[in-house]
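Reader: Please take me closely through the charged side chains that pair up in this model. Then go on to the backbone and packing details around the chain that deserve a look.

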Amino acid sequence: MTSKRKIEKVAVLGSGVMGSRIACHFANIGVEVLLLDIVPRELNEKETAKGLTIEHPAVRNRIVNDSLTFALKSNPSPIYSKQFASRITTGNFDDDMSKIADVDWIIEVVVERLDIKQTVFEQVEKHRKPGTLITSNTSGIPIHLMNKGRSEDFRKHFCGTHFFNPPRYLILLELIPGPDTAPEVLDFLSHYGSRYLGKETVVCKDTPAFIANRVGVYSIMELFHLVSEMGLTVEEVDKLTGPVIGHAKSATFRTADVVGLDTLVHVANGVKDNCPDDERNDVFNIPPYVQKMVDNGMLGSKSKKGFFQKVKGEDGSSNILTLDLNTLEYRERKSASFPTLEMTKAIDSLAQRLPMLYMGMDKAGEFYRKSFNGLFSYVSFRIPEISDELYRIDAALRAGFGWKMGPFEKWDAIGVEKALAKMEEAGVKVNGWVKEMIDSGIKSFYKVENGKRYYYDIQSKAYSPVPTLEGQIFLDHITDDGIVWKNSGTTIKDLGDGILNVEFHTKMNTIGGEVIQGLNKALDMAEAEYKGLVVSNTGDNFSAGANVGMIFMMAAEQEYDELELAVRTFQNTMMRMRYSSIPVVAAPHNMALGGGCELCLHVDKVVAHAELYMGLVEFGVGVIPGGGGTKEFALRLADELNDGDIRINTFRNRFLTIGQAKVSTSAYEAFELGYLRKGIDEVVVNRDDQLAYAKRAALMLHDKGYTKPIKRKDVKVLGQEALGIVYVGANSMMSGNYISEHDQLISEKLGYVMAGGDLSEATEVSEDYLLNLERKAFLELCAERKTLERLQSMVQKGKILRN
């Protein structure tokens, strides 16, 4: 990317659900935001009571301020840190539209009506300086109709942007060029959306519903029809269309409730009306039971009833009822099971699981063949209508609907020829280019060679590289030649330039014996022949922590010698991460809990993904962090201690971070909680950039002349000064029935370690001293009956993993 264009300030026009959250996401990445909306037509009751007039600034900006306040209070939060909200300035169209002359990008996010959008653009043109980017956030209005009557410069710098809601969490950004959009503008937005906003930017054609909604809503509508055809229940469909096929837990009907049935019907009607030549136009007909639900106001979460309804019993307990699709009456939820699903339970790999599901001999197998065949046929005919390249369709469905694999990727996993044979048996047609591809000897839509991924290009009838941003590295693209060692839980890969990567692939990437072995092996190899080590993986989560189920089994069997050895080995491994002769960089994403957090606390540098949920959560299972986490918090506390009352407040804050099992809601909040270090650790917004940046960080540490650190012996602990605060506080909380007697014990053990024990005055101690205290406290808590009961309960409920 050679463009010198920079985005320092944006204007967001419209502060509704999307506008306010788009504004928040730009604030997330450090951009100054001007958020504008209309002026209220009349005073509300509160304003009237205060004696305000329609001209008062608080009244004129009421709509935009209320919208932003509502967004900032929503859960999940649209903003990485509450402090970032100060980057947003609010105003209104009448008084502040002239301020858009100072911005670099204007994003229109008003109501989805063409006439209103055109009116806004007319006002924008009066104040916009030439060269300023101008885009419309729309989910379906034709882009070519929006900029009619606008200047040449306006049209050249104009295109459609379709952020998916919520913008912070759904990473798809569809870009829809207009007939006059300059290529360099599209290139810039594509690059900026990916690198700076962390989006999967997908360039779409200006067709109804664009890419993701066109295919995604087709898939939902087909299932709406299939459920009647096959006599399936809501529970059965959601069981079949959730994580088992790489879709979200909300599957089909829960997703419909969240999105809103009226929204789905609106999009479906739009496609049906505007795509008369679509060979599956009939699929977009609204099934009778869905239409009745809409007519009766059963729209999902927004109306508090849809395919599911949450009700309260006489005892005050909540219960979720399910809709019977035949009677449209709510009933108790039923369990759903299929032999094919039971057979594939033990298969973790989605690519290996899909062929077995597709070939199942029961009702589930029949369902998968019908639904996948229809989907494969549909996407084959959407080329070149909605996209010339098949990889864009896959990318849009992954990023916009949370599918682990896009349609063509699923087809590859099942086997293109195998699925074609089944489709032919069922009389399902496919676009001719698919058979041409097979006949030419190309048997899959994708392939990986020499660390690069290629897709079948229909126009050239050959493989072409899937475009990526410069420098990105993908672990999945490193073939067997790049694997230098592996065991059942870890794989060590050569990233090139003297850097190794160790990745976990256990259940939820928990840390047990096989991962500890892999970490030590990676350190051995890196210290012997390489320049540095990165710890990262491609799982849904970086690590859910230590294998607590294994710890419970050893504690329940009173195998305390084995448990002590396991805890000591964990601690020693974490200390090796800190005190190695080569730099170690961790690249955590999503959940980094318990032992996963402790690993990050001990490396030389953390390159965190912005969506990071990091925390020491051991208190919740009845113990304290035992893999060096409590020690590390005592060490970091010592480095930031001041004199007098301030140091006690600092101790209290750090103690409560562990004692209340606080988990960050973003990487930036992890800094505030003390899990990440300012000036050392860094954050990247695009997950695809993370590994390459972590590799560069390891190389930079090496090239600066990395020297093995010396173990700390100067950790200042407060002893009895801090212990008194802990014991008084814990006793007071227990006496007030805020915590249990067992929680009081855990609090006192945690405080004892963080204070450095029962020392008469502030004293400098070593890390080894603190680790011994930590290990002793952890083992004593494991022997407590209440701890074992809590652990057993959580294992039975599936909240922690069984060994």
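Author: A salt bridge here is a side-chain nitrogen of Lys or Arg within 4 Å of a carboxyl oxygen of Asp or Glu. The model is predicted. By that rule it holds 53 salt bridges.

Start with Arg392. Its side chain meets that of Glu389 in a salt bridge, at 2.7 Å from N to O. Both partners are buried: Arg392 is, and so is Glu389. Salt bridges also build a network, in which shared partners link Arg214, Asp278, Glu279, Arg382 and Glu385.

Now take Glu108 and Lys117. They form a salt bridge whose closest N and O atoms lie 2.6 Å apart. How exposed is each partner? Glu108 has 0% relative accessibility, so it counts as buried. Lys117 also stands at 0% and counts as buried. The cut-off for buried is under 20%.

Arg280 and Asp282 give another pair. Their side chains meet in a salt bridge at 4.0 Å, N to O. Arg280 has a relative accessibility of 24%, so it is partly exposed. Asp282 is partly exposed as well, with a value of 43%. Partly exposed covers the range between the buried cut-off of 20% and the exposed cut-off of 50%.

Glu562 belongs to helix α24, which spans residues 560–578. At 43% relative accessibility, Glu562 is classed as partly exposed.

Gln558 sits in the loop between α23 (548–556) and α24. Its phi is near 55°, a positive value in a residue other than glycine. Gln558 has a relative accessible area of 59%, so it is exposed.

Ala251 also has a positive phi, near 50°, and is likewise not a glycine. Its loop runs between α11 (234–240) and α12 (253–259). Is Ala251 buried or exposed? It is buried, because its relative accessibility is 12%, and the limit is under 20%.

A glycine follows helix α19. Just after that helix, Gly415 takes a positive phi of about 110°. Helix α19 itself covers residues 407–414. Of its 8 residues, 7 are buried, so the rest of the structure largely encloses it. The buried set is Pro407, Phe408, Glu409, Lys410, Trp411, Ala413 and Ile414. Charged Glu409 and Lys410 are therefore among the buried residues.

Next come the cis peptide bonds. One joins Ile383 and Pro384, with omega about 10°. Pro384 lies in the loop between α17 (363–381) and α18 (390–401). Another cis bond links Asn165 to Pro166, with omega about 0°. Pro166 is in a loop too, between strands β6 (158–163) and β7 (172–177).

Now the packing. Ser67 is part of helix α4, residues 62–73. It has a relative accessible area of 19%, so it is buried. Leaving out residues up to four places away in sequence, Ser67 touches Ser15 and Ser20.

Leu52 is in the loop between α2 (45–49) and α3 (57–60). Which residues does Leu52 contact, leaving aside its neighbours within four places in sequence? They are Leu43, Glu47 and Val59. Ile7 is another matter: it is 45 residues from Leu52 in sequence, and their C-alpha atoms are 38 Å apart.

Finish with Ala783. This residue is in the loop between α32 (767–782) and α33 (785–796). At 40% relative accessibility, Ala783 counts as partly exposed. How far is Ala783 from Phe552 in space, C-alpha to C-alpha? The gap is 10.0 Å, although 231 residues separate the two in sequence.

Technical notes:
Residues numbered from 1 in each chain as written. Predicted model: local features only at pLDDT ≥ 70, side-chain atom pairs only at ≥ 80, totals over all residues. Heavy atoms only, no water. Helix = DSSP H or I, 4+ residues; strand = E, 2+ residues; numbered from the N terminus. Buried < 20%, exposed > 50% of the residue type's maximum accessible area, 1.4 Å probe, protein only. Contact = heavy atoms within 4.5 Å.
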